[in-house]
Amino acid sequence: MQNYFYMSRSTNGWENLGTDEWILENLGEDELMLYCYINQNAVIIGRNQNPWKECNLLAMKEDDVQLVRRITGGGAVYHDSGNLNFSFIAGAGRYDVERQLNTILQAIRSLGIPCEFTGRNDLQADGRKFSGNAFCRRGNICQHHGTLLIRSDMGRLQHYLQVDPRKLQAKGVSSVHSRVCNLSEFRADLSIPMVLSALKQAFRKTYGDYVEWAPNSADQAAIRPYVEKHSSWDWRMGKTPHFDMELDTRFPWGDIQLLLSLDQGRVAKAEVYSDVLDPDLPGRLAALLEGCPFSAAAMADALGGQEAEQLRDIAAWLREERL
């Protein structure tokens, strides 16, 4: 068994997320890596989110802010040089989310900042979120990555993310700023090198000795197609969705937006966008809806018998819609 630590020298979101995916697909089953990186001026959206709905694309273009789509589920976040990102990647036999989260908590607490895990995927300090986490699996290799807000520009965060007001209302707050916090609020001299050092110490304490890894020339060549994928328009934006009907709502577990193309009274195509943590749910939902008669009852019936609780929730919501 081997442990690795890697801090990327790049601040390009496409390069860093492309490398993240390459490691996921190439790490050995008995290996574990803690990969850290900083993305300079980027909005990172979940795999199944609609960038036209989630982001202020005009402001991003004017300010040269990257749009980056990750391979995991969850919601949109803004990254700048005050945000340190981490990714635990390991074979299924060594992958342990609780142990990984405790490594992060141990590091932050060692800096004198009380913190805890709470909610569906958040780390909080004083009741406010400083880290969101998301998850993925490829074969027998698993990934858990997340953010650490250290000195991020909260004003820019609000400027580039078009947050659904229902999401704010559901969490009982009135703005993005009141939901999140920088760790520097709790320690004025806090810096990314300090957090990085604390992370490495906690990583060693939890997992034992590790090797400082960096991609060699062969690795860099192998990573390049992943970077090209992450920088491509097709991956980041896809085609502007064309649809005849839009339905959206907010559940305790996430947003759902349905874009339905209709043909002869049936759903010819369903496009689903969501910040749900299950990355496969939107695809399953779309497949179940396609071919259904366009009526609340028919679409609800197509989902109502499914095992997934989220699909049953959507069925109950559709049944109440006036279509």
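Among contacts between residues at least 6 apart in sequence, 69% join residues at least 24 apart. The model is predicted, and the protein in it has 12 helices and 14 strands. Its radius of gyration is 20 Å, close to the 20 Å given by the globule rule for 323 residues, so the protein is as compact as a globular protein of that length. The C-alpha trace spans about 60 × 45 × 40 Å along the principal axes. Of the 323 residues, 54% count as buried. The exposed surface comes to about 14400 Å², and carbon and sulfur atoms supply 47% of it.

**The sheets**

An open sheet of 8 strands has the order β7-β8-β9-β10-β6-β2-β1-β11, with mixed pairing. β7 (116–118) and β11 (211–212) stand at its edges; each has a single partner strand, so one side of each lacks a neighbour in the sheet. Helix α1 (residues 13–26) packs on this sheet and touches β1 (2–7), β2, β6, β9 (128–138) and β10. The direction of α1 makes about 180 degrees with that of β2. Within the sheet, β2 and β6 run antiparallel and are joined by 6 bridges. L32 stands opposite A90 in β6.

A further open sheet consists of 3 strands in the order β12-β13-β14, and its pairing is antiparallel. Here β12 (245–251) and β14 (266–274) are the edge strands, each with a single partner, so one side of each is left without a neighbour in the sheet. From one strand to the next the twist averages 20 degrees. Helix α10 (residues 281–289) lies across β13 and β14 and runs at about 165 degrees to β14. D263 has R266 in β14 as its bridge partner.

| Strand pair | Direction | Bridges |
|---|---|---|
| β2 and β6 | antiparallel | 6 bridges |
| β13 and β14 | antiparallel | 8 bridges |

**The nonpolar cores**

The largest nonpolar core holds 36 residues, of which L84 and F130 touch the most other members. β2 (31–37), β6 (83–91), α4 (97–110), β8 (122–125), β10 (141–149) and α7 (192–207) each supply at least two residues of this core. The most comes from α7, with 8 residues. Another core lies apart from it and has 24 residues, among them L258, I314, A315 and W317.

What does L84 contact beyond its neighbours within four places in sequence? The contacts of L84 are M7, C36, Y37, I38, G146, T147, L148, I150, I192, V195, L196 and L199.

Is E21 buried or exposed? The residue is found in helix α1, and its relative accessibility is 3%, under the 20% limit, so E21 counts as buried. Leaving out residues up to four places away in sequence, E21 touches I71, R138, Y226, K229 and H230.

R224 lies in helix α8 (residues 217–231). Its relative accessibility is 40%, which falls between the limits of 20% and 50%, so R224 counts as partly exposed. Although R224 and G18 are 206 residues apart along the chain, their C-alpha atoms are separated by 7.9 Å.

Key: Residues are numbered from 1 along each chain as its sequence is written. This is a predicted model: local features need pLDDT of at least 70, side-chain atom pairs count only at pLDDT 80 or more; totals for chains, interfaces and linings use all residues. Side-chain values use heavy atoms; hydrogens and water are left out. Helices (H or I, at least four residues) and strands (E, at least two) are DSSP runs, numbered from the N terminus. Buried means under 20% relative accessible area, exposed over 50%, partly exposed in between (1.4 Å probe, protein chains only). A nonpolar core is a set of buried Ala, Val, Leu, Ile, Met, Phe, Trp, Tyr and Cys residues joined through side-chain atoms within 4.5 Å. Contact means heavy atoms within 4.5 Å. Two strands pair if DSSP finds at least two bridges between them. Axes are lines fitted to C-alpha atoms, for helices over the stretch in contact, and angles run from 0 to 180 degrees between N-to-C directions. The radius of gyration is taken over C-alpha atoms; the globule rule is 2.2 Å times the number of residues to the power 0.38. Accessible areas come from the Shrake-Rupley method with a 1.4 Å probe; for residues, only the protein chains shown count as cover.
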